[in-house]
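User: I am new to this structure and would like to learn how its features are read. May we go through it step by step?

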Amino acid sequence: MTISTKKEPNALVLTVSGRMDAVTAPEFEKSVSELIAQGEKNFLIDLSALEYISSAGLRSILASAKRLKEQNGKLVFSGLQGHVKEVFSISGFHGIFKIHDTEAEGLKDF
Amino acid sequence: MSSTGHIKIPAVLESLPVITECVTGAAAAAGFSARIGDMELALEEAVTNVFKYANPGNPGEIEIDCASAEGKFSVEIRDSGREFDITKLPDPDLSMDISERPIGGLGAYLIKKVTDGVSYRRLPGFNVLTLVFNLGNTKH
């Protein structure tokens, strides 16, 4: 899993690629925690290059979302594909998160 | 049934990539490439559950056997941990919002959703969990 960040006027875009599994998911949570500590509050997580996610990945996303909510921050997703889209759907994450088809659409949400 | 994949390895998180490779390799060789995504997910959920809960402080080993026959691919996961039937866990409440929703509890549910069959049995000293995947009949 690799995470790259890009600062946009209204949000920080995190592009997560590769695999978010039990081995790698804690890195995601740690990265988001550090960015929150640096004062970031609005996150667009682009998952168009994420190939795989398990419950460990969902757990780190939910933990990050809870932390952000406490800070009145916002977490929005874009670009979910195939397996990742399906796992989000099975887990009911479509109901609790805002999910956009593209990064450009996601950015309009802020 | 002809055996198409076997591994016995320490029941620790670091073993996950090797276990995944063993099972997905056997599945591909048996012609189940179309189900590999589901298999990887169900397998990760099942084995990480063993790593976390089966033998606190003393991981022991986990043994996995794959077999295919008559359009079905099965993955048998055996651990020597305390008795635990993951198939008995209640389904999570998916309607709760971010603040209310508990962290965790999705693993067993994902296993149920992406397999075509899951069964548990307790043998003397062992938990045995079997995941079954049909060749053509994906669940979703």
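User: How many helices and strands does chain B have?

Analyst: In this predicted model, chain B contains 3 helices and 5 strands. Their order along the sequence is β-α-α-β-β-α-β-β.

User: Is Val23(B) buried or exposed, and why?

Analyst: A residue counts as buried if 20 or more other C-beta atoms lie within 10 Å of its own. Val23(B) is buried because it has 26 C-beta neighbours inside 10 Å. Val23(B) belongs to helix H1 (residues 16-29) of chain B. Leaving aside residues up to four places away in sequence, Val23(B) touches Gly5(B), Met39(B), Leu43(B), Ile64(B), Cys66(B) and Val75(B). In chain B as a whole, buried residues make up 34% of the 140 residues.

User: How many residues of chain A are in contact with chain B?

Analyst: An interface can be described by counting the residues on either side. Here 22 residues of chain A are in contact with 21 residues of chain B. On the side of chain A, H2(A) gives the most, with 9 residues. The residues on that side comprise 11 nonpolar, 6 polar and 5 charged.

Note on methods: Residues are numbered from 1 along each chain as its sequence is written. Chains are lettered from A and ligands numbered from 1 in the order in which they are written. This is a predicted model: local features need pLDDT of at least 70, side-chain atom pairs count only at pLDDT 80 or more; totals for chains, interfaces and linings use all residues. Two residues are in contact if their C-beta atoms, placed from the backbone, lie within 7 Å. Helices (H or I, at least four residues) and strands (E, at least two) are DSSP runs, numbered from the N terminus. Ala, Val, Leu, Ile, Met, Phe, Trp, Tyr, Cys and Pro count as nonpolar, Asp, Glu, Lys and Arg as charged, and the others, Gly among them, as polar. A residue is buried if 20 or more other C-beta atoms lie within 10 Å of its own, exposed if 12 or fewer, and partly exposed in between; C-beta atoms are placed from the backbone.
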